[in-house]
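Reader: I would like to go through this model with you. Could you take me from the overall fold to the helix packing?

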Amino acid sequence: MHGTPPPGLGTRLVREMLGADSAADLLGRHPFLSPYGQLTALIADATFKVDDLDQKVQERTAHIARELDSVRGGQSAAALGSASTEIALLSARRDQSAEHLRTMAGAYRRSLANDTGPAPAQGLGQVSRAEAAVSRTPGGPDSAVPPVPPITGHPTTTVRRTR
């Protein structure tokens, strides 16, 4: 029986640096079109890329291990000629992508720590209905959110004229 494969390098980095179970979990933290939403989308994309490269390195090294077993058994070693170069190139790409992911995750973390504006789950300048309701509630907690004035008067309707 095969168990669940261990998470890739990108997923492990996201867990360690941002405390998310997966990159996909980051996508739900912010509205997609907000700056944080766009940054988490870039982080998720980089995570998937690092995981993909990590899987390729794992598969290639497993293939080479099988080839080495064949060579020990008397087979030709011709297939091993370019294998080390291929693994070295894949590993270098994975390491470069992982460093890029670390940089973005660090920027995201610092940005959240330095953010004194609206809550990240809200878009810039937007106030949730819950925050607005709390700010109007007498005796409710003090809020930096300005109160939303009640709707007064009757809504205007436009009469459509027919010709």
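This is a predicted model: local features need pLDDT of at least 70, side-chain atom pairs count only at pLDDT 80 or more; totals for chains, interfaces and linings use all residues.

Reader: How many helices and strands does the chain have?

Author: The chain has 5 helices and 0 strands. In sequence order, the pattern reads α-α-α-α-α.

Reader: And what share of the residues is buried?

Author: Of the 163 residues in the chain, 29% are buried. The accessible surface of the chain is about 11,800 Å², and carbon and sulfur atoms contribute 56% of that surface.

Reader: What percentage of the contacts with a separation of 6 or more comes from residues 24 or more positions apart?

Author: Such residues account for 62% of those contacts in the chain.

Reader: Let us turn to packing. What describes two packed helices?

Author: The angle between the axes and the distance between the axes describe such a pair.

Reader: Then at what angle do the axes of α3 and α4 cross?

Author: The axes of helix α3, residues 35-72, and helix α4, residues 83-114, cross at roughly 155 degrees and come within 9 Å. An angle over 145 degrees counts as roughly antiparallel, so α3 and α4 are roughly antiparallel to each other.

Reader: Is the crossing left-handed or right-handed?

Author: The crossing of α3 past α4 is left-handed. The residues of this contact between α3 and α4 comprise 18 nonpolar, 7 polar and 7 charged.

Reader: What about α1 and α3, at which angle do their axes cross?

Author: Helix α1, residues 9-18, has an axis that comes within 6 Å of the axis of α3, and the two cross at roughly 135 degrees. That angle makes α1 oblique to α3.

Reader: Which residues in α1 and α3 meet?

Author: From α1, the residues are Leu9, Gly10, Thr11, Arg12, Val14 and Leu18. They meet Ile43, Thr47, Val50, Asp51 and Asp54 in α3. By class, the residues of the contact of α1 with α3 are 5 nonpolar, 3 polar and 3 charged.

Reader: Which residues is Thr11 in contact with, leaving aside its neighbours within four places in sequence?

Author: Thr11 is in contact with Asp21, Thr47 and Asp51. Among them, Thr47 and Asp51 are in α3.

Definitions and conventions:
Residues are numbered from 1 along each chain as its sequence is written. Side-chain values use heavy atoms; hydrogens and water are left out. Axes are lines fitted to C-alpha atoms, for helices over the stretch in contact, and angles run from 0 to 180 degrees between N-to-C directions. Helices (H or I, at least four residues) and strands (E, at least two) are DSSP runs, numbered from the N terminus. Angles under 35 degrees count as roughly parallel, over 145 as roughly antiparallel, 65 to 115 as roughly perpendicular and the rest as oblique. A crossing is left-handed if the near helix is turned anticlockwise from the far one by less than a right angle, and right-handed if clockwise. Ala, Val, Leu, Ile, Met, Phe, Trp, Tyr, Cys and Pro count as nonpolar, Asp, Glu, Lys and Arg as charged, and the others, Gly among them, as polar. Buried means under 20% relative accessible area, exposed over 50%, partly exposed in between (1.4 Å probe, protein chains only). Contact means heavy atoms within 4.5 Å. Accessible areas come from the Shrake-Rupley method with a 1.4 Å probe; for residues, only the protein chains shown count as cover.
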